Every structure is written in C-alpha cells, then in structure tokens.
Amino acid sequence: MSWLSRQFPTRVIALIPVAIAINIVLGYTVQTVLKLPIYLDSIGTILVGVLAGPIAGAVTGFASNIIWQYAPGIGGGTIGPFAITAAVIGLLAGLWGYLGVYRPRPAAGARLWLAALVGIAIIVLLASRIYGNPAYADPDFFVPWYSTAILIVGIVMSIAVAAAVLLRRDTSGAWVAVAGAVTGIVAALVSAPISAYVFGGVTGGGTDVLVAALRQGGADVFNASLGQGFFSDPIDKTITSFVVFVVLASLSRRVVARFPLGERVVTPEPAAA
Amino acid sequence: MTLALRGVRYRYAGAAAAALEGVSLTLEPGHVLGVVGPNGAGKSTLCLVAAGLAPATIGGELAGEVRIDGVTTASSRPHELAQRCGILFQNPTTQLSGTSATVWEEVAFGPRNLGLPLEEVVARVDAALDALTIRPLADRDPERLSGGQAQLVALAGVLALRPAYLVLDEPTSQLDPQGTRLVGTAIGELARQTGAGVLVVEHKTDLLATIAEQVAVLVAGSVVASDEAASILADARLEAWGIESPSRIRIERAARRAGVHLVSEVEA
Amino acid sequence: MQPSDPAASAASAGPPGVPAFVQRPPEGAYRRLNPTTKLVIAVVEALTAFVLRGWTGLVIVLALVVVTAAVARIGRAMLPFMLATIPLIASILLVNTFLYPGATDAIVRIGPLTPSWSGLEFATQAALRVVAFALSVAVFGLTTRPDDLVSDLERRGLGRRVGFVISATLRTVPRILQRAGEITEAQRARGMDTEGGIWRRVRGVLPLAGPLIFGALTDVEEQAMALEARAFSAPARRTVLRTFPDSPAQRTLRWALLATLLLVVGLSVSGRLEFLP
C-alpha cells in the first residue's frame, strides 16, 4: 500500500483534477466547437503519466472518461466505456516517461539526421504492418483507397517527425513521435473490441463514414472499427504527444523536477555552485 | 516562544544560486513584523522558509535554523507545520481547496483534515469566521466571491488551524483598492485578536505603516536593515534599495524639497 | 431556500452546530435514498445493459430506469439526455442494418442497398443498449449531487485524496471550460476561424490548447502548497461533516443488486445464459 501511496503525493493529487479538466474541455471543444476528426482528449492523461508514472496516468485517463460521461451538461455519448482505453494510454505514457522519451536532447548536424531517419524508419515499419494486414489484403475485402490512406498517414507522420527533429534541433522529436504512434496503435487495438461490443462498431461521429466504407468492402464489425482506429488514433496520439512535449519543455525546471518522474523529463542540471 | 530564523541559507531544488543568505529574524507572538524588499529579493522564499514549506514540501537545500516555538521545521511534517505556522499567498483563487460548496465548509477543510471531533471543527470554524467578521459569507459559494472576500476566506481557513504564527506573502497584491482595505484592516486586527505572531510581506508600504511594529528590509536574499517600523519606513535608503516609501513620507520629502512647510494631522 | 443568517439555522436537524445550508439534505422520494444506493443502482444498470446480450438485459434495465424516473419525477428532465443520443443511434441503426457483415436474410433489395434482418436485430439491440445506458446515466446525474456522493463515500472509508480528485475536478471543469470560451472569443476577435475550412480550424487548436494548458498548470504548484498548508497530508481520518440516512432495507438492496450482478456476469461469461432471448 505504501508504494501505491508514494505514486500520489499531494503535488500529483493537485495536478490530476487539472489534467482531467484539460482532457474534458479540449476534447469537448475539439469535438463540438471545432468539429475536427481528432479527439485530443488525452493531453492531460499523457502529461500526468509522464510526470507521475503509469498508475497516476491510468487513473487520470480512466477518471476523465467516467467523469465526462456523467458530467452534467457536456456528458453523454460514447465516452464512458472507453475509459479502459484511456487508462491504457496513461499506462503507456508512464512507461515513456520512465524511459525518458520526453526529455529534451539538443543535438546538431549528423545526429539530428540520424535521429530523424530512425524515427521515420520506425513509423514506416509500423505503417507497413497495418498496410499489409491480411484482413485488408483479403480479396473479398479490397479497399485500395484505405491502404493508400494509411500510406499517406505514414508519409505525413514521417514528415512531421523530420520537421520536429530538425526544426527544434532536438533528437527527442523522433522518440516522441514514435511513442505517439505506438500509443495510437495500442489505443486502436484496445478500442476496437469496446466499440464493437458496446456500440455495434460506430461512435456517432464523422469517422463512422470510414467504418461504413470498410464494412462495404467486406470487413466484419471488429475489423471495420479497428481500421477506423488505425486511421484516427496514431495521428491523434502523436499530435497529443507533441503538445505534451512542448508544454513540458516550457514549464519551469523547478516545477517539473519535483514530480515523481520529473527528473527524467528535465535536462540534467549543471553542476551546482 | 518565538518563530526564529538563524543564519538561514536556502537554495531552491535545481537552482544554481542561493535565494536567501544569512537571514536572521525573530517573530514574537502578538507582534506584527513587516518585510519589504525589491522584486526578486527573496521575500516569497522567506515566507516559504519561515512557514516550513521549504524544504518540507518543495524540497531544496536549507542551511541554518528555523525554529517554531523551539522545534526546527526541518524535523516537522507538513501537517504539523500547518498547525504551528499558517501561510497565506497572493492569489486568492489557488488557495481555495476547490472542493467546498460553501464558505463554511471551505474554512472547515483544515480542521477536518486533522480529524478533529465534530464539535471542535464547528467551534474553530465559527471562531475563525467571527475573527474576520465574515459570518454573513458563510453560506456563499467560495468561487463566486470578490478577490478580497476570497482572501479573507482563505485566511479564515488558515486561522481555523489555530497556528501560533502567521506568514502573509503579499496578501493584497492581487486585490483592488476595496479588497486591499478589507484585508488590510483584518490583518491589522489579527495579532491583537488571536495573539498570533504575524509576518507580513508587502509592497504597499502605506499598509505596513499602519499595521507593522517592526520592519525588516530584504535585498538580494539578505536582511540589510531591521528596526521599528517608523524609522525604517522613513529611511532615505529605501528608494536606493528599490522600495517605494509610504506616500506620507514621499509627500513630506517633496514638500521639504519645494520649501513648503506641511502641517500634518495626527493620523490614527 | 438558503437562510441568510447562518447562526439562526445552527439549531436544525443533523449533527449539532453544523448549519443547515451545509447539511442540505436532498428532497424527493428517490433523491432521499442514500447516495451510495443510487450509485450502486446506476452501476448495476450500466453493467447489466452491456453484459447481458440479447433482449433480456435491456428490458430489465429499461424497466428499472423507467420506474426510477417515475419515482423521482424526472421524466421531462431526461429528454435532453435522450436527444443527445440521437446521432449515435441513427449511426448505429444505419450502419448495422445496411452493412451487417455476413448477413444473408435481406429485408428488401433497393438497388445496391440490402438491409438485413440480422443486421436490424443487432442494430436495435445496440441502439437500445445505448438508450438504456444513457438513461441510467441521466437518472443518476439528475438525482445525485456529486458533493453528497463524495461525502457519503468518504464516511464509508474512501480516501481523502480520491474524494478530493473527484470534487476538485467537478469544480475545475466548468472553470476551465469558461476559460476556453474566453480564449476562443479573444482569438475570434483577432481573426481566428472556428467555422471555415478544416485546415483553418486545425490551426486554431494550438492557440487554444497552449494558453489553456499553460494557464491551468501554472497554478498547480501553489495549489499543492496551499493544500499542504491546510494539513491535507495529515494521517488522521477526515472528520465527517455531512451524514446521509441509510437503512437496513437499502443495505440489503445494495448487496442484493451487487450479488445479482456478479451472478449474471459469471453466468453470462460462462455461457450459461444462452437460453435467454
């Protein structure tokens, strides 16, 4: 019990409600006001995961979805059951934080290019696994434009990785992008069964068109949801990861360092006077 | 029985230089000590160190001694410190717990955390509300109060823990003139009413002139002067240190320079 | 409603000295139930709707919801919750009726479209599940104040930190929502588009997300300090301020509901409930 207690010092307890509120407000605004096909409702979850560890991250994600579902006024819809996905996202974020993915690593020249290339290689590898998914290569389920769509997503993300690394002169851009992509893929894998089991495979949003098209092409309930997830989630989680990365880099060192995983997020301090 | 700092040196976690250097101060129960200083002098740091939040809650390195009624802050846990020395910050809204539907419950937050018996909690809340004459606010929503009112509620919440000493870090800096008056009056009465020792950090030297008995000047992390309020606030070096003298002093100086003889009414 | 003179209400029902406006007991038959009872009902309803496949679970939950809504007199208030589910239900019905994979029992053929009976059955069940869930959420949300629930759970032993997170979140969300509205307004005045093409809207996200997140996070440090200064990390059990009446009947009901839920989940998972329609 004491280890669990140490995951939640007062500082973390003060952060979690704010993180949950950020999740809900941004998720709601993006969905309802801006009407964009991304979710952007995990920024708080990943932030807490990176700063305070996997358990805190998981709790933040889970609570965000439950509270949003039952919140008066803005609640309702399909958010609640996906609390499991949100918890997994928080867990992964804690892992990335522990591995120091979000620590700035300023570099120059050849190292930057190397990092960009490695990042792109990993993204391409992941995209090709989805592209070559036997469910989509099935002659009964031939949706050529979907495979092309995945290819384009892969290319766009590769460009984003390269830009992030080279423009910020920071090799961490590559790791953040890869972490985001992996988180997105895992999120899609966890969400698909929930969507299929609970909501019959749709969510009431614009992406249901994609689900319909995949079904038209022959996919079953689960694979159609999965296909939609593979399209939306990696992009969404990569954007989210970058936002968290930028936010962490702009927060004062003193504030960040005191969080349980804070030391893994800040650059090693110069020798004290 | 005092709140005493002896040769205190404090460095924030992750900072290269010390924020406080060789600071020694004594605060006695029932007395009001003012602290003035330019921006960046370390006044907020001084508050955190005096109340024990540094290093207990925010880390960092503390050298020297901070003793509250004889017990060092370094050897105390945060909830023990909260009962010995209360602290009030500048921002009225961040100090509200954010969990209470009414002011009454907000003030009860501290005593409830200590697990005190219900009758004791009720007694302390009522006493704190009365001490600051904010009983009429008891059923209001804390998030719907004016800045000055919110500060008083926060102060009541701190008083409910019955600390022997109070540290106030620029309590009126984010308030409008009405709020400043409200809180300023309350602070003035505080030491007399509760018998607590009060340390007030303020930019508004006018306010200090009315409530502080002693004033210490903090510049670049060290105490450069400490004396009776009247003599410190009239000291000519204040401007050189980056501190604005009280308006009365400034008017008198300006009058003297212009060769005008001012007859001042005796102020309360 | 709220007495303006707190001192006069000190002698009201409840623990001595605690003013009435702090106790604020809810009124109404269903509302007066212990908050934990209402919570258990909501959880059991939600899980039953999803765990029991087929029509049985749905009928049970819908019946429960209708009964509780009638008792609590919230029929009309539930309307917005119902309306909010319409886009989702429409999507479920359309996509699943017309595009149910592997279905061969066509209802009719209208050109390229072939709605199927199995698709329609699947779709209707899924849609009703959503409705049942949404209504159980509505009943809970309309009859249970979060303050009350957290108070009661804390009395039963819920840690102060969990209680704090729930309460603080519920007060922080409206505050940050308002702040988001202010930022959007300010930027619309500066020419940012919230209508317009998708690319312009994407560009509008960062100027919103950045200040919002930053503003929210800068105060966290001071909030944490303020909490510590109010003895938040004291080891004692927090004093109970508000009590809600409970009864042996309610206690029995709660345990019965939970036991039934466990039974149902177990049987369902092990496949023993196939006989239910």
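How many residues of chain B are in contact with how many residues of chain A? We'll get there in the first exercise, after a word on the ground rules.

This is a predicted model, where local features need pLDDT of at least 70 and side-chain atom pairs count only at pLDDT 80 or more, while totals for chains, interfaces and linings use all residues. Residues are numbered from 1 along each chain as its sequence is written, chains are lettered from A and ligands numbered from 1 in the order in which they are written, and side-chain values use heavy atoms, with hydrogens and water left out.

**Exercise 1. Describe the interface of chain B and chain A.**

Step 1: take the contacts (heavy atoms within 4.5 Å). Chain B brings 8 residues and chain A brings 7.

Step 2: get the buried area, meaning the accessible area (1.4 Å probe) that two parts lose on being put together, summed over both. Here that comes to about 620 Å², with 49% from carbon and sulfur atoms. Tyr12(B), Gly14(B) and Ala16(B) supply 46% of what chain B buries against chain A, more than any other three residues.

Step 3: look for charge pairing. A salt bridge needs a side-chain nitrogen of Lys or Arg within 4 Å of a carboxyl oxygen of Asp or Glu, and the count between chain B and chain A is 0.

**Exercise 2. Now do the interface of chain C and chain A.**

Step 1: the contacts join 51 residues of chain C to 53 residues of chain A.

Step 2: about 4700 Å² gets buried, 78% of it on carbon and sulfur atoms. Ile213(C), Leu217(C) and Glu221(C) give 12% of chain C's share against chain A, more than any other three residues.

Step 3: the polar side has 8 residue pairs in polar contact (both at pLDDT 80 or more) and 1 salt bridge. Arg11(A) and Glu221(C) form a salt bridge, with their closest N and O atoms 2.8 Å apart.

Step 4: sort chain C's side by class. Ala, Val, Leu, Ile, Met, Phe, Trp, Tyr, Cys and Pro count as nonpolar, Asp, Glu, Lys and Arg as charged, and the others, Gly among them, as polar. The side of chain C that touches chain A splits into 38 nonpolar, 7 polar and 6 charged residues.

**Exercise 3. Where do Lys237(A) and Asp233(A) sit, and are they buried or exposed?**

Step 1: Lys237(A) pairs with Asp233(A) in a salt bridge, closest N to O 3.3 Å.

Step 2: Helices (H or I, at least four residues) and strands (E, at least two) are DSSP runs, numbered from the N terminus.

Step 3: check accessibility. Buried means under 20% relative accessible area, exposed over 50%, partly exposed in between (1.4 Å probe, protein chains only). Lys237(A) is buried at 2%, and Asp233(A) is buried at 5%.

**Exercise 4. Which chains does the pair Arg230(C) and Glu106(B) join?**

Step 1: the two form a salt bridge at 3.3 Å between the closest N and O atoms.

Step 2: Arg230(C) is in the loop between H10 and helix H11 (248–269) of chain C, and Glu106(B) is in helix H5 (residues 103–113) of chain B, so the pair joins these two chains.

Step 3: both residues are buried.

**Exercise 5. Trace the salt bridge of Arg156(C) and Asp246(C).**

Step 1: their side chains meet at 3.2 Å, N to O. The pair links distant parts of the chain, 90 residues apart.

Step 2: Arg156(C) is partly exposed at 36%, and Asp246(C) is partly exposed at 25%.

Step 3: follow the shared partners. Asp152(C), Arg155(C), Arg156(C), Asp246(C), Arg251(C) and Arg254(C) are joined into one network of salt bridges.

**Exercise 6. What surrounds Cys47(B)?**

Step 1: Cys47(B) lies in helix H1 (residues 43–51) of chain B and is buried, at 0% relative accessible area.

Step 2: skip neighbours within four places in sequence, and its contacts are Ile87(B), Val167(B), Leu168(B), Asp169(B) and Val201(B). Leu168(B) is 121 residues away along the chain, yet the C-alpha atoms of Cys47(B) and Leu168(B) are 7.3 Å apart.

Definitions and conventions: A polar contact is a pair of N or O atoms within 3.5 Å; within protein, one must be able to donate a hydrogen and the other to accept it, and residues adjacent in sequence count only if both atoms are side-chain atoms.
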